[in-house]
Amino acid sequence: MDNKLRQGGIFLLLLGLVVWSQQRSGSYHDEFGAHPDEAAHFVSALMIRDYFVQLAYGGENKVTHPKRYAENYYDHYPKVAIGNWPPGFHCLQALWMLAFKPGQHSIMALMAVLTAGLGWLVYKGSRENLGEGWAIAAAVLLVVLPIVQKYSSLVMTEVLMGLLVFGSVLLFTKYLETGNWKWSLWFGAAASAAILVKGSGLVLGLVPPLAIVFLKRWDLLKKPGFWLSAVVVGILCFPWYHFTKDIAMDGWAENEPSVSFFLHALAYNSKKLVETGGPLFLLCIAWAVATFWRGRKGGESQEPIPAFLPMMGILFMAVPLLHCIVPAGMEHRHLIPMLPAYVVLASYGMKDLVGWIVKEKPGISSKKVSWVLSGIGLAGMFASAEEPVYHKGYSGFRQVVEELYKVEDWPGPVLISSDASGEGMFVAEAALADPGRPNARKVVRATKALGSSQWSGKSYETAYCCMDDLRQQLVDAKYWAIVIDGAVKEQRPDNYDKFQHIQDLEKICQELGYAERFTIRRGNKDYEGDLMLYLSPRFADFSELDTVPATQEPPSKD
């Protein structure tokens, strides 16, 4: 078969597996709420897309200043979060939505292409070292890993980060093998792209020094070409991170690195490595490392050892190490950029293990042993996974938005009260339903209007001192509709207990009596009637009374 046709066929195979997984998870139908960041990524990208569309077709009403446009857009759809993240992922989505109709189906198609592209790059990058069959096995294993199936069904940065980080390591490997400065230049460009998608791309800064130490390539320090990549990254990335450092650190779980965080993150990531692919694949990775180490120590051959497999080991180690040092939080998704190295080392280790078994037991078919071990490995993978078969299971706000958009001219803003996921779902659906965005319609998040906190939820305070003050703020804001997600109390009691304004707003809205009720689905569970819509709410206006009720003192922060 023609090589290009074969490679195209492998990509289509991987794409088919990813799309099938997405369909099964419900990602083409459910809303952007399975992770608190998902809606922010989508709305940020939609804003960039709409900015360029109005530049081209806005006529006299177009807004050329990007910051002014972004502020106005946020005022209508308050889930724009450029600054918390660099704009790389959002710009890619925006370009995609300029080529295809903006919406859920098109953006999930992009996630499918990115995931299949990552699998294809694993195949392409490893077949010289693994062989054709094992390289295909590594690519297939990558796209069927439960954690990859989950994040290929969400609008999140991790899959793109995996693609850019792995691609960058492949380019640096070429530089190690050839010494050609052009590969160092390309490594710097690819690393910059990763860093401008997410701060975790800075893990690529660990790759060159670790390669020097573990491969004993001290000679690289004397070569100008080696330093070229650092110059490129500095020029392209330093300005963004210099001006957004405080915003980005606002989302960290802790304010600075600490020994305590390192130890907790080390234990957490070790546990997640077992959950990622199960015990047998992790054993195969250990086998691969041991085999390579024995080969290096034995020194049987004078031929230079290819840099690919050692670089996979470095990538496998560097990503968890970064997330043990930087206290950005502990989530399984942070390990996704090292999964290409995970599947390559697992496949290499299994290949070598099969060879050892066949050597020890002559007469056994290597193909049979390979299939048996692969079956055991896959069974262990799904048995160990926290979510072996992912189902997204977040929806309900779309029907409320459709009800609101039956009124063409909103007489006032709409207030949505939920946690970050629920408010994001509503804002994303409202933005998609609005063909002339941004226009007179406005959505207000209760989390922002009635409270204040850092991006991570730390330092939370209410924006009112008492219930009467809250009632007066609702009157002054002239909300045309109030939407309350009552399922938060049961599905996310931690958020419900943390954010006092959610509880207080629910109590006050009970004064309004009638509410139109809808069913909301959160975490694959239906909450019938827990999504409440209050149209034209009429609270008591204390400004019209002769005496204003006394207010209590703000609660102590002790």
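**Figure 1. Burial of strand β5 in the predicted model.** Strand β5 spans residues 481-485. Five of its five residues are buried, so the strand is largely enclosed by the rest of the structure; buried here denotes under 20% relative accessible area.

**Figure 2. Parallel pairing of β5 with strand β1.** Strand β1 comprises residues 414-417. Its pairing with β5 is in the parallel sense and extends over four bridges. Within this view, S417 stands opposite I484 of β5.

**Figure 3. Antiparallel pairing of β5 with strand β7.** Strand β7 covers residues 525-535. The two strands run antiparallel and are joined by five bridges. I482 has Y534 of β7 as its bridge partner.

**Figure 4. The largest cavity and its lining.** The count comes to one cavity of 30 Å³ or more. The volume of the largest cavity is about 30 Å³. Its lining is formed by E158, M161, K198, S200, H323, R333, H334 and P337. By residue class, this lining divides into two nonpolar, three polar and three charged residues. Rolling a probe the size of a water molecule over the atoms shows where empty space is left.

Conventions. Residues are numbered from 1 along each chain as its sequence is written. This is a predicted model: local features need pLDDT of at least 70, side-chain atom pairs count only at pLDDT 80 or more; totals for chains, interfaces and linings use all residues. Side-chain values use heavy atoms; hydrogens and water are left out. On a 1 Å grid over the protein atoms alone, a cavity is a set of points where a 1.4 Å probe fits but cannot get out, and a pocket is an open set with protein on both sides within 12 Å along at least five of seven lines; lining residues have an atom within 4 Å of a point. Grid points are joined across faces, edges and corners, and a volume is the space filled by probe spheres set on the points. Ala, Val, Leu, Ile, Met, Phe, Trp, Tyr, Cys and Pro count as nonpolar, Asp, Glu, Lys and Arg as charged, and the others, Gly among them, as polar. Buried means under 20% relative accessible area, exposed over 50%, partly exposed in between (1.4 Å probe, protein chains only). Two strands pair if DSSP finds at least two bridges between them.
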